[in-house]
Amino acid sequence: MDAGLSAAASGVAAWPAPARRLPRLLRWHAPVTWGWLVAAGALVCAGWWLPTPESDVAGVRPVEKPPALAQTEAWLQELTQLQVADPASVEAMQARARDLAERSPENQYSHSSLEAADALRDQTAAAMHGLADGMDAASAALSPLEKGGGSLTDAQLKGLGERLDAALKGLREGSLTARGDLLKQLSAAQLAGLRSLSPEDAAKLGRQLDGAAKQARGVVGAAGGDVQIAGEGEAAGLLARGPGRGGVSRGPGEAPLTFTENSSDAGSGQTQAVSNDDTKHAALGDLLDTQRGEHEIDPAKAVAVSAAGAVAAPATGGEAVWVDRLTPDERAALKDFFK
């Protein structure tokens with residue numbers, strides 16, 4: 001290269017061609033870049049200085065009570081109207097429900113308040129079921145007396161008295177106690193002795209206990225679902241009226257099945273056999289056919305009755321205990337498999 005340049009400078013040779021310039025790998029476009037940087041800075045300043053309206057989410061307050069608390073209040077209100085339990089015990093549970101209901105709407109939907117509402121609902125349902133079970137136990141203890149206590153032995157009367165004592169203890173000491181008149185009648189029968197209780201009085205007291213138990217147990221299943229618990233007279237009237245006739249002005253939906261005193265007689269019906277000769281879709285283990293027959297006994301080979309342990313038979317062995325009858329295709333498949 002130095003000799004070539006020296007020769008070209010002396011005029012002896014031509015100047016060498018200039019070397020090819022390498023492409024630029026990085027190009028800086030300052031105007032476009034500065035434009036994006038200025039726009040980003042403007043957005044940051046706008047977000048920092050411009051005022052924004054306050055959110056209204058914090059001001060939203062719940063207007064409905066928690067479902068568990070509303071259901072508990074409906075149960076207790078229905079129980080008060082039915083006059084099944086002692087008003088003082090019902091008022092004690094209502095005071096606990098009011099304590100939760102009087103909290104601020106924000107606190108009602110806190111985690112602790114929701115757990116307290118669920119616990120109160122479960123305790124109320126358990127108390128109602130316990131009240132109904134105690135009344136059923138007392139009614140069961142009085143049911144043998146409806147036929148007359150004179151035919152019962154002293155041991156039987158003692159057992160009935162113990163069952164009645166246990167039922168009375170539960171009705172007095174439960175979270176929901178029975179109403180006063182039922183407790184007085186049961187206590188009087190217990191003090192006077194079960195033998196002195198007439199069959200008419202035992203039957204009347206048993207019917208009262210059964211009706212009160214059904215109402216107490218029905219409150220948990222119906223109240224809170226827009227269903228009214230009807231008394232004995234109201235229930236009879238509902239059954240007499242029967243279902244509605246339909247239409248937009250009659251009521252909520254179709255009428256449910258009703259219960260009547262007389263059972264329906266559908267008859268014995270007609271028994272028909274079902275058969276299917278197509279076994280293409282039969283699975284392993286499906287029943288294909290059943291037959292009924294009798295044992296065929298050959299009198300010539302019949303053996304007389306012998307005592308246990310005295311049966312002697314010649315020893316046998318070496319015989320096939322299982323014989324498979326395979327089709328040619330199955331035999332070929334087995335040969336290929338066990339090669």
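Student: In which helix do D118 and R121 both lie, and how many residues apart are they?

Tutor: Both are in helix α6, which covers residues 111–142, and they sit three residues apart, about one turn of the helix. (Helices here are DSSP runs of H or I with at least four residues, strands are runs of E with at least two, and both are numbered from the N terminus.) Keep in mind that this is a predicted model, where local features need pLDDT of at least 70 and side-chain atom pairs need 80 or more, while totals for chains, interfaces and linings use all residues. Numbering runs from 1 along each chain as its sequence is written, and side-chain values use heavy atoms, leaving out hydrogens and water.

That spacing is a handy one. An α-helix has 3.6 residues a turn, so residues three or four places apart point the same way. In this model D118 and R121 form a salt bridge, with 3.8 Å between the closest N and O atoms; the term asks for a side-chain nitrogen of Lys or Arg within 4 Å of a carboxyl oxygen of Asp or Glu. How covered are the two partners? D118 has 32% relative accessibility and R121 has 24%, so each counts as partly exposed. (Buried is under 20% relative accessible area, exposed is over 50%, and partly exposed lies in between, with a 1.4 Å probe and protein chains only.)

Now for the other bridges: the structure holds seven of them. E91 pairs with R98, their closest N and O atoms being 2.6 Å apart. Both of these side chains are partly exposed, E91 at 36% relative accessibility and R98 at 37%. R179 and D181 also meet in a salt bridge, at 2.8 Å from N to O. R179 counts as partly exposed at 21%, and D181 does too at 36%.

The largest nonpolar core has 41 residues, and L131, M135, L145 and L186 have the most contacts inside it. α3, α4 (87–101), α6, α7 (154–173), α8 and α9 (199–222) each supply at least two residues of this core. The largest share, nine residues, comes from α6. (A nonpolar core is a set of buried Ala, Val, Leu, Ile, Met, Phe, Trp, Tyr and Cys residues joined through side-chain atoms within 4.5 Å.)

(The expected span is 1.5 Å times one less than the number of residues.) The buried residues in α8 are L182, L183, L186, S187 and A189. They cover an arc of only 160 degrees around the axis, which puts them on the same side of α8; the arc is that of the directions from the helix axis to the C-beta atoms. K184, L191 and A192 are exposed on the other side of α8. L186, one of the buried set, is also among the core residues with the most contacts. Just after α8 comes G193, with a positive phi of about 100 degrees.

Then there's α3, residues 67–82. Its 16 residues should span 22 Å at 1.5 Å a residue, and the end C-alpha atoms are 23 Å apart, which agrees. Buried in α3 are A68, L69, T72, W75, L76, E78, L79 and L82. Just after α3, Q83 takes a positive phi of about 55 degrees, although Q83 is not a glycine. Q83 is found in the loop between α3 and α4, and at 56% relative accessibility Q83 counts as exposed.

One last stop is α9, where you'll find K204. K204 is partly exposed, with a relative accessible area of 48%. K204 and E146 are 58 residues apart in sequence, yet 9.0 Å apart in space from C-alpha to C-alpha.
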